[in-house]
Amino acid sequence: MASRCEVFLEILLAILVPPLGVFFRHGCCSCEFLICLILTLLGYVPGIIYAIYAIVVRGHDQDEEWRPLTA
């Protein structure tokens with residue numbers, strides 16, 4: 001799970017350059033990144049809203065999903 005500092009910096013980047021914040025969380029060729037890029041090109045505010053959603057909500061789901069198994 002990402003630390004609070006990492007999430008804070010990703011949200012800050014998402015406000016300044018929305019696709020960049022999503023890129024650091026989900027990677028370059030992810031669906032979230034492409035949606036954020038398209039929304040940012042269509043309008044800056046929808047890009048910011050989706051970027052924050054992708055980092056906070058979708059990023060949390062992904063952290064839970066990819067947790068390594070411990071014996």
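A residue is called buried here when its relative accessible area is under 20%, exposed when that area is over 50%, and partly exposed in between. In this predicted model, Tyr 53 has a relative accessible area of 40% and is therefore partly exposed, whereas Tyr 50, at 15%, falls among the buried residues. Both tyrosines belong to helix α4 (residues 44–65), where they stand three residues apart, about one turn of the helix. An α-helix has 3.6 residues a turn, so residues three or four places apart point the same way. The rings of Tyr 50 and Tyr 53 form a tilted aromatic pair, with 5.8 Å from centre to centre and 45° between the planes.

The structure holds three aromatic pairs. Another of them joins Phe 23 and Phe 33 in an edge-to-face arrangement, 6.1 Å centre to centre and with 65° between the planes. Because Phe 23 lies in helix α2 and Phe 33 in helix α3, this pair ties together parts that are ten residues apart in sequence.

Helix α3 (residues 31–42) can be followed from Phe 33 onward. Its twelve residues should span 16 Å at 1.5 Å a residue, and the end C-alpha atoms are 17 Å apart, which agrees. The buried residues of α3 are Glu 32, Phe 33, Cys 36 and Thr 40. They cover an arc of only 95° around the axis, and therefore lie on the same side of α3. Cys 36 has a relative accessibility of 0%, whereas the face turned away from the buried side carries the exposed residues Cys 31, Ile 38, Leu 41 and Leu 42.

Among the cysteines, Cys 29 is exposed, with 74% relative accessible area. The closest cysteine sulfur to that of Cys 29 is in Cys 28, at 4.4 Å, which is too far for a bond, since a disulfide requires sulfur atoms within 2.5 Å. By this rule, the structure has zero disulfides.

Back in helix α2 (residues 18–26), one finds His 26, which is buried at 13% relative accessibility and whose side chain reaches the backbone oxygen of Ala 54 at 3.0 Å. In the model, residues 7–26 are 95% helix and 0% strand, with end C-alpha atoms 13 Å apart, and residues 32–57 are 96% helix and 0% strand, with their end C-alpha atoms 12 Å apart.

Key. Residues are numbered from 1 along each chain as its sequence is written. This is a predicted model: local features need pLDDT of at least 70, side-chain atom pairs count only at pLDDT 80 or more; totals for chains, interfaces and linings use all residues. Side-chain values use heavy atoms; hydrogens and water are left out. Helices (H or I, at least four residues) and strands (E, at least two) are DSSP runs, numbered from the N terminus. Buried means under 20% relative accessible area, exposed over 50%, partly exposed in between (1.4 Å probe, protein chains only). A polar contact is a pair of N or O atoms within 3.5 Å; within protein, one must be able to donate a hydrogen and the other to accept it, and residues adjacent in sequence count only if both atoms are side-chain atoms. The expected span of a helix is 1.5 Å times one less than its number of residues. The arc is that of the directions from the helix axis to the C-beta atoms. Rings of Phe, Tyr and Trp (its six-membered ring) pair if their centres lie within 6.5 Å; planes under 30 degrees apart count as stacked, over 60 as edge-to-face and the rest as tilted.
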